[in-house]
Amino acid sequence: VETSMSATMRVATRTMAARNAAMARSVGTRRRRRSIGRKVLQATAKAHGLDMRDAIEKLVGREDLALEETRDVLTAILDNADAAQIAAFLVLLRAKGETADEIAGLALGMKARAIAVDAGNDVLDIVGTGGDGAGTVNISTGSTVLAAAAGAKVAKHGSRSVSSLCGSADVLEKLGVAIDLGPEGVARCVKETGVGFMFAPRYHPGMATVGPVRKSLRVRTAFNILGPMLNPASASYGLIGVYSNSLAPLMADAITRLGTKKALVVHSMGLDELTPCGPADVLEVSGSTTRKYTIDPQRDCGIPKCTLEDLTGGDAELNAKILRDVFAGKEGAVADALCLNAGFALAACGEASTPQEGVAMAREVQRSGKALKTLDSWVALSQECKKNE
């Protein structure tokens, strides 16, 4: 019996020893994997040229970052930064106050990861930062169609509504445009009908990393002003509206660093676009130079004054009806606002020699119904391209 018990104990001891050895090997494996993971992250951060912790430490000390540093930080954010790091970076950057180099660096980092569209070298975008909270009809989107009907090549970049009832993607979808085309389809639309639309979530997949953090923060960050700089077709010309006049110099300085040929940065009566409601401040960017001036739509372009209520929109269905009626020739305050913005955009891209000539060109295509024909051609071609994808 004693011999049998001793044998049993020896077997149990050997079994326990084997289990302990296996557990030790497993722990060692996990430790090696964690070590490898840390080394990969550290190597990635070094490859980017700036460690996220170093960037955050700089911002805590209220130090400005160089353009190259914010570009590298953006790359690190898209690759491996966690939500806490992203939130800390965005909040500290805003608390310090963003510089033109920092905004341009973020834009370059985003564009490096974007899906590019080859729509030609001289395309135009008419776009605003949003955030004015005015609830107007989609003025920049409607102006896009008028500008295209008047001869411009417009590659519009936009998304669904964030702070309003109806974003550019929402109203275009209701008008019948296939909003989520790939690069080839967008390029074909621009070249054949004069206008195409790039749906931001499709062309900037990296935004999926930042989006949840921005939503949870619920405060404005640098990403609120990046949109107009992220056009996947690298628009050389632009009419860019900003929600605050104080933002215009920062926007203008940033786009001079991004190779823009000519753009007008505008703000009017609290809105991120030109309106017949009253005077507007304009920062004209041409290459590396800027020029500031004020325009009065009534005095300078013969456009009658209106109230903000005259430009009020609603949901996508209502806004689509308002725009389609204007494209078909209906006159009024909304038509005036669209012609005003399209006219200045036509001057920015060189289709018109002056904003006044541009307004007259936009007015002609609006009253004649040519704008509606342009929209219908765009709708048909975009749907055809969608079927062929």
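Modeller: Let us begin with a definition: buried means under 20% relative accessible area, exposed means over 50%, and partly exposed lies in between, with a 1.4 Å probe and protein chains only. This is a predicted model, in which local features need pLDDT of at least 70 and side-chain atom pairs count only at pLDDT 80 or more, while totals for chains, interfaces and linings use all residues. Residues are numbered from 1 along each chain as its sequence is written, and side-chain values use heavy atoms, without hydrogens and water.

Colleague: Why is C277 called buried?

Modeller: The relative accessible area of C277 is 8%, and buried means under 20%, so C277 is buried.

Colleague: Why is C277 in no disulfide?

Modeller: A disulfide is a pair of cysteine sulfur atoms within 2.5 Å. The nearest cysteine sulfur, that of C306, is 3.9 Å away, so C277 is in no disulfide. The structure holds 0 disulfides.

Colleague: Which residues of helix 8 are buried?

Modeller: In helix 8 (residues 183-193), these are G185, V186, A187, C189, V190 and T193. Helices (H or I, at least four residues) and strands (E, at least two) are DSSP runs, numbered from the N terminus. After helix 8 comes G194, with a positive phi near 90°.

Colleague: What makes strand 1 largely enclosed by the rest of the structure?

Modeller: Of the 5 residues of strand 1 (residues 124-128), 4 are buried, so strand 1 is largely enclosed.

Colleague: How do you know that strand 1 pairs with strand 4?

Modeller: Two strands pair if DSSP finds at least two bridges between them. Strand 1 and strand 4 (residues 237-241) are joined by 5 bridges and run parallel, so they pair. Within this pairing, V127 stands opposite I240.
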